[in-house]
Amino acid sequence: MKIGLFPGSFDPITNGHLDVIKRAAGLFNKLIISVAVNESKNALFTTDEKKFLISKACEYVNCGNIKVVSFQGLLVDAVREFNAGFVIRGLRAVADFEYEFQMALMNRELDHKCETIFMMPSPEYSFVSSSMIKEIARMGGDISPFVHSAVIEALKKKNFIKK
Ligand code: PNS
């Protein structure tokens, strides 16, 4: 059974994440989307809110093989805990590469069984990031092409978008 683990901050999930999720869910028997709990990162959404938004966004792509969880601490420990054979990371552009390359090699150093697979989202999402979504929303721009409607509702509740 091939299990992939897709970790991230998901603050909030974007259509770029969703694009990678769809692709990865087609490659693995089971895909575990794992929200990193990191109190020092000053996230807008709580871990439970992030998990809820991921589940909502995945509603129509989940054929029963996607599970949403959270993890605290090292990614390699989460990989072991969930019995995953692979870490999935999205690569949007060359700018992502250096950080991702370093992280993949460090994770393999920490656990030689930890393999990372990079997946490229569709080019229309190559410039989408959670932080940009929050900035555009805060400044009154239209984020509807880039996120699920549940994310827009959640941002409204946090007064990030004027109702
Ligand atoms: O969505 P992000 O913020 O790019 O995700 C980064 C994340 C959460 C995958 C990364 O920061 C991580 O793995 N954190 C867990 C702590 C850890 O294992 N650090 C060592 C990685 S080399």
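Helices, as named here, are DSSP runs of H or I with at least four residues, and strands are runs of E with at least two, both numbered from the N terminus. By that numbering, E100 belongs to helix α4. The model is a predicted one.

**Stop 1: the sheet**

Display the strands first. Five of them form an open sheet in the order β3-β2-β1-β4-β5, and their pairing is parallel. At the edges are β3 (66-72) and β5 (115-119), each of which pairs on one side only. From one strand to the next, the twist averages 30°. In general, the strands of a sheet pair through backbone hydrogen bonds, either parallel or antiparallel.

Next, select residues 3-8 and 86-90, which are strands β1 and β4; the two run parallel and are joined by 2 bridges. Within this pair of strands, L5 stands opposite V87 of β4.

**Stop 2: helices on the sheet**

**Stop 3: E100**

Return to helix α4 and select E100. Is this residue buried or exposed? E100 has a relative accessible area of 5%, and is therefore buried, the cut-off for that class being under 20%. Apart from neighbours within four places in sequence, E100 is in contact with R89, L91 and F118.

**Stop 4: aromatic pairs**

The whole structure contains 4 aromatic pairs. One of them is F97 with F101: the ring centres are 5.2 Å apart and the planes meet at 25°, so this pair is stacked. Both residues belong to helix α4, where they are 4 residues apart, about one turn of the helix. F97 is partly exposed at 38% relative accessibility, and F101 is partly exposed at 42%.

Now select F127 and F146. Their ring centres are 6.2 Å apart and their planes are at 85°, so the pair is edge-to-face. Which parts of the chain does this pair link? F127 is in the loop between β5 and α5 (130-138), whereas F146 is in the loop between α5 and α6 (149-157); the two are 19 residues apart, and the pair links distant parts of the chain. F127 is partly exposed, with a relative accessible area of 48%, while F146 counts as buried at 19%.

**Stop 5: the ligand**

Select the ligand together with the residues around it. There are 13 such residues, of which S9, A36, K41, L75 and R89 come nearest.

- S9: an N or O atom of its side chain is 2.5 Å from an oxygen atom of the ligand.
- L75: a backbone N or O atom lies 2.8 Å from an oxygen atom of the ligand.
- R89: a polar side-chain atom lies 2.9 Å from an oxygen atom of the ligand.

**Stop 6: N62**

Finally, select N62, in the loop between α2 and β3. At 31% relative accessibility, N62 counts as partly exposed. Draw a distance from its C-alpha atom to that of A43: the separation is 26 Å, for residues that are 19 apart along the chain.

Note on methods:
Residues are numbered from 1 along each chain as its sequence is written. This is a predicted model: local features need pLDDT of at least 70, side-chain atom pairs count only at pLDDT 80 or more; totals for chains, interfaces and linings use all residues. Side-chain values use heavy atoms; hydrogens and water are left out. Two strands pair if DSSP finds at least two bridges between them. Axes are lines fitted to C-alpha atoms, for helices over the stretch in contact, and angles run from 0 to 180 degrees between N-to-C directions. Rings of Phe, Tyr and Trp (its six-membered ring) pair if their centres lie within 6.5 Å; planes under 30 degrees apart count as stacked, over 60 as edge-to-face and the rest as tilted. Buried means under 20% relative accessible area, exposed over 50%, partly exposed in between (1.4 Å probe, protein chains only). A residue is near a molecule or strand if one of its heavy atoms lies within 4 Å of it. A polar contact is a pair of N or O atoms within 3.5 Å; within protein, one must be able to donate a hydrogen and the other to accept it, and residues adjacent in sequence count only if both atoms are side-chain atoms. Contact means heavy atoms within 4.5 Å.
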